[in-house]
Each structure stands twice: as C-alpha cells, then as structure tokens.
Protein chains: 2
Amino acid sequence: MKLDEFSLISFLSRKLSIFQPEVLIGIGDDTAVVKNGNKYSFYTTDVLVENVHFLDNWKSNVPDFYYFLGRKLITISASDVASMGGMPVYGLINLLIPEVYDLKELEEFYEGVSELCNELRISVIGGDTSKSSAKTFSFFLIGEGKKFMLRSNAKPGDLVAVTGTLGDSAAGLEQLLKKEIKVFPLVERFLNPTSRVREGVEVSNLGVITCTDVSDSLVFNLYTIAESSGIAIKVDSKNIPLSPHLLTYTTGSREKALRYALYGGEDYELIVTFEESLLSGVESLGFTVIGEVVEGEGVFVDNKKVEKKGYNHFGGER
Amino acid sequence: MKLDEFSLISFLSRKLSIFQPEVLIGIGDDTAVVKNGNKYSFYTTDVLVENVHFLDNWKSNVPDFYYFLGRKLITISASDVASMGGMPVYGLINLLIPEVYDLKELEEFYEGVSELCNELRISVIGGDTSKSSAKTFSFFLIGEGKKFMLRSNAKPGDLVAVTGTLGDSAAGLEQLLKKEIKVFPLVERFLNPTSRVREGVEVSNLGVITCTDVSDSLVFNLYTIAESSGIAIKVDSKNIPLSPHLLTYTTGSREKALRYALYGGEDYELIVTFEESLLSGVESLGFTVIGEVVEGEGVFVDNKKVEKKGYNHFGGER
C-alpha cells in the first residue's frame, strides 16, 4: 500500500489525543505550539535519510559534503521555528549509521552541526545513536517566542511576500543528480540553505500573523496557507524574486527559472501574508511582495490556477 | 572505524556548546534537564531500528508484534523521564518506512502508540515521515517535574534498590531470537515493558535523589551510577528479585536466572540509591533493596568485582 506522506500521517494520527490545554497547535503547522507561562514553546523535528534526502556519492562532487549536511540538518528545523516567529533554543540529535563508518565524515558532519548551533545559539542537550543500514540524521528542535504566526491566518485583502530568491535550491539539486556542476552557488543553496530566523522574529514583531516556509515548493506551500486559511492566493510571476545565479543556469530564460521557483523545494525562504498597512515595515525587512490573498480557493499564477505540486519525499513530484 | 556508542557520542559532541544557563543537565544522564520557571523540563529521545532493535520476522511468532513495538517506543522514552522523577507530557514521532509498506502493520503500530500515550496522557504534537530502506521509529519526549533525580548523586552509606524483577526481558529476547517460545510472559516483558513513571515520581517525592533505569543491564546501569557518582556499589545476588517466569525458564536454577538479571538489558526497572532513613518509604513503593553504596570504584556482586557489560546495540554484548 502507498499513501503520500501527508495522507498517511493524518490517517495514522487520528487515534492520538491532546491531553493538555497548553497545546495550542499540534500536528498540522510548521511546529507544534505549547503555551508555557507568558511565552510559547515550539516543537519540531526533521529527518535526513540517505538515498531519500541525499546520496552518499555527492561527496565526490562536493568534498565537504557531510559538513554541509550537518548544517542543513539544523537549518531545516530552525526554518520551521523561524516560520512561527520563534527563536530556536534547544536541540537533540539522533544519529543512525552503518556498523562500519567513516569517522572523518561524521566529524565533518558534527563540525557543520556545531557551527550552525553556535551561530543560532542552539544548545544540543541530548540524542540517541544506533547502527542502521541507512545513514539517518534526525533533529528535534525546541524554540521559544512571545507570540507566533500560523499558516491559517491569511485573510482576503492581505498581501503575500517572500524572503530571498526562489528556485535556487531545486536547480542545485538538479546539478547534483545530473553530476554536472555548472553553477556551484546554486548547489550551495541546496546544501547550505539559510534559515530566516531573524526575519521571522522581526516580521512577527511587526504584527504579521501568517507565515510558513518554502520547504516543498512555493506553489505547494502557498496551497498550505490557502487551504488552512480558507482563501485563495494570486501570484504575479513577474514579481517572484529570482537570483542572477538561477538566470545564469537557465541561460537568461526567466520562464525556465520560474519553473524552478514555483515548483522546486527546499528554498527555506519565508512566505508571509499581511494587511497592507504593514507593507513598508515588511519590505524594509527584505521581503518582496509577490501577490495577494483573495476570496475563493486555490493558488493562481498570472490568473491561471496552478496544480498543488512540489517535492514529495515519498514519490518525487507531488 | 568502529567506536562504541558511548565513546562515539562523547567524541563527536565535544564541539557542541550549551548557551542557556537554564540547561542544568545536557548529554550524559537519562534525560536533559532544563529549568523552566518554577519547574523542570526533561527532554529525551529513543530510536527503534529494524534489524538492530527488532526483526520484522518476529511477527511470525507474535501476531500483533507491531502493536507491541508501538507501545515499546513510547515506554522506553517514558522510562527515561521516569528515572528523573518526571511525568511525560508531550511527544513527537518520526516514522521512516520503506516505499512499499503494510498499512495494517502501521495501523497496529499506531494503535500501540496511541494506547500507551492515552495511558500516560502524552499528547503527540508532531513528527516527521520519510521513506527509508530500514524501518525506523523515533520518539522525542518532553517531561515535566517539580524536582529531579540524577545518576550522579549516590553517596557511601546509601542503600540500592530496584523496582520489579530483573532479567525477564533478556530471556524474552533470547526466545525470539531462537524462534522457540517456551515462556511467553518473558517475551511479553521484552516486547511490552512497563515504564515506572508512578514509582519515579513517588520515590522522588520521598526525597530520593539518585536514580536511573535498567536499559543496558543491571550491572551496566549500576556502573553508570558508580562512575558518575564516584563511588562503588555492592550487590547481594540473593536479594535480586527474579520472576517465577524466569525461574521456570531456567528450570528452577537461580544461578542461571541471575545471569539474565545481571547482564540482560531492557528491563526498564528503576534503580535508586538513598539514605537508610528513607528505607520504609522506598520499600512501601514496591522497591527491593539489593545492595549498598560504598567508597571506592566499580560494581561488586557477592563481593566479587564484575565487568561493566550489557547489551550494546553497536556490537551485541559490551
């Protein structure tokens, strides 16, 4: 039997209960949210599995590949906390490795982990280790904040904005899979993405209450906002920020670059929606307005409804 | 390169830092301990990996095997929180499964998970899912308490006591590995152990400050107390509680049964040490005194120093 990742989890989770009234958000947003005195705690976890999220042979193209992977493990969870407007604080790492392993690779991996934890001031306070036939790294991250944003708060009339540029990561992954590195900075964006922790906290402080991160794809994650908020989103493709590197990769074709930007995953940029009165504040944090929230359902690019698809670890494109 | 689990983790973790003064205990006890207002939060994680912690073919001997495995995943983390004297509160599950899987097995697994979470009132608030060549289940558990116990608080003159009976789980595992089930209740102890949450909280309330759980083996875990407290422990083997089932399995031989009790893992009973003035209180909670803390180093059974060994997922016996 095969079910996609999202359907499987909601199917299996239907018998689980929430017992504490402090749990404000359980499964279903970027992190869980638990009220903790006069602040909120955020809980999230992410996994990187060999042959699913990465291939060991990428190290032949990227000598310090495991260093990047260590950084990435922390970044993808930090991005979840960022999209709630929280600060990452404590983490636990599970390390599953084959019985015979390369200690130098693991040291590189932990070098990346510790560097990023030092940058974000995350204390690693625990973990578990086991052998396994598939190299598997998981991270549990606890964040904190005075307030929080959700996917489900978008309202008609809101503007939609994103941080950074989109599509770079997918174009980086493509090069790794083809084993033909033409534009290395895009590969670096895939291997070494940035979590937008500062932007998340600051945009939340401005009063923005709707946010998620681009993990699956811009279109896919716009759909998660649209569906959970019960609204539609219209995007103007000419406003989607693209990097010079991506345009170099597509030999100047904006149309080709947009395919990566709309349907490629793992950019870990933030998407926010907000009332127009907050526009100058949001823009001053480096966000680019790409569209608006309207009544209805679905995601529209240049007034054409687009399919909800992106990267699905259970079956490639979804 | 091969390093055992404990050496590897301490080697790799040496570059990680603790940034928050609220972190009272990081890596190195049964859970991390973080001060949280006027209470403490406990963080722990455990992993069950196919072909390391369980074999898929055990389901031919135990029809509802995945139901038991779901219960066990929660129990082993709850046992860590129990050994701090805390109550488990929130959990996140990571589910890694092959691309093609048996949905009925997963439903059974979640049936076990949800049943145990309901028993212990644990709210499952998140998780991640991915495909993987090895079935892998990880649980991340957050507990809370007003005080906490550590491995490192044992003092010469303390008595040493344990909950329940020891060795059952190892004798259960042996039967599964031999595919010859003689005494099923022992198999059940291995598949469906009990976390001693109530005993942990109550013994901590009595004033006991030294505790750990028997995950690796009685001797191994006594060593973790002895080493971290800088003391020695003397055990009187005639006082080690053995179950009638284990004695049936060893056809009445107490000597054979003691080998399982001393060196078998995964009993998830609690070990405490405490001042003699607390004796009647500790005994009234169902603990059995098995020895005493003395000056020196090492663990002694019937006055003979024993080797630090138990079950090590990295290489069988350790």
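This is a predicted model: local features need pLDDT of at least 70, side-chain atom pairs count only at pLDDT 80 or more; totals for chains, interfaces and linings use all residues.
Helices (H or I, at least four residues) and strands (E, at least two) are DSSP runs, numbered from the N terminus; two strands pair if DSSP finds at least two bridges between them. Within this pairing, T210(B) stands opposite T273(B) of β10(B).

Now display the side chains of β10(B), residues 270–274. Five of its five residues are buried, so the strand is largely enclosed by the rest of the structure. Buried means under 20% relative accessible area, exposed over 50% and partly exposed in between, with a 1.4 Å probe and protein chains only. In a regular strand the side chains alternate between the two faces of the sheet. In β10(B), L270(B), V272(B) and F274(B) point one way, and I271(B) and T273(B) the other.

Move to helices α2 (residues 65–84) and α3 (residues 103–120) of chain B, whose axes come within 6 Å and cross at roughly 40°. Axes are lines fitted to C-alpha atoms, for helices over the stretch in contact, with angles from 0 to 180 degrees between N-to-C directions. α2(B) and α3(B) are therefore oblique to each other: angles under 35 degrees count as roughly parallel, over 145 as roughly antiparallel, 65 to 115 as roughly perpendicular and the rest as oblique.

Finally, select T251(A), in the loop between α8 (244–249) and α9 (254–263) of chain A. Most residues other than glycine have a negative phi. T251(A), although not a glycine, has a positive phi of about 40°, and at 70% relative accessibility it counts as exposed. In chain B, T251(B) lies in the loop between α8 (244–249) and α9 (254–263); its phi is near 40°, and it is exposed, with a relative accessible area of 69%.

Residues are numbered from 1 along each chain as its sequence is written, and chains are lettered from A and ligands numbered from 1 in the order in which they are written. Local features need pLDDT of at least 70, side-chain atom pairs count only at pLDDT 80 or more, and totals for chains, interfaces and linings use all residues, while side-chain values use heavy atoms, with hydrogens and water left out.
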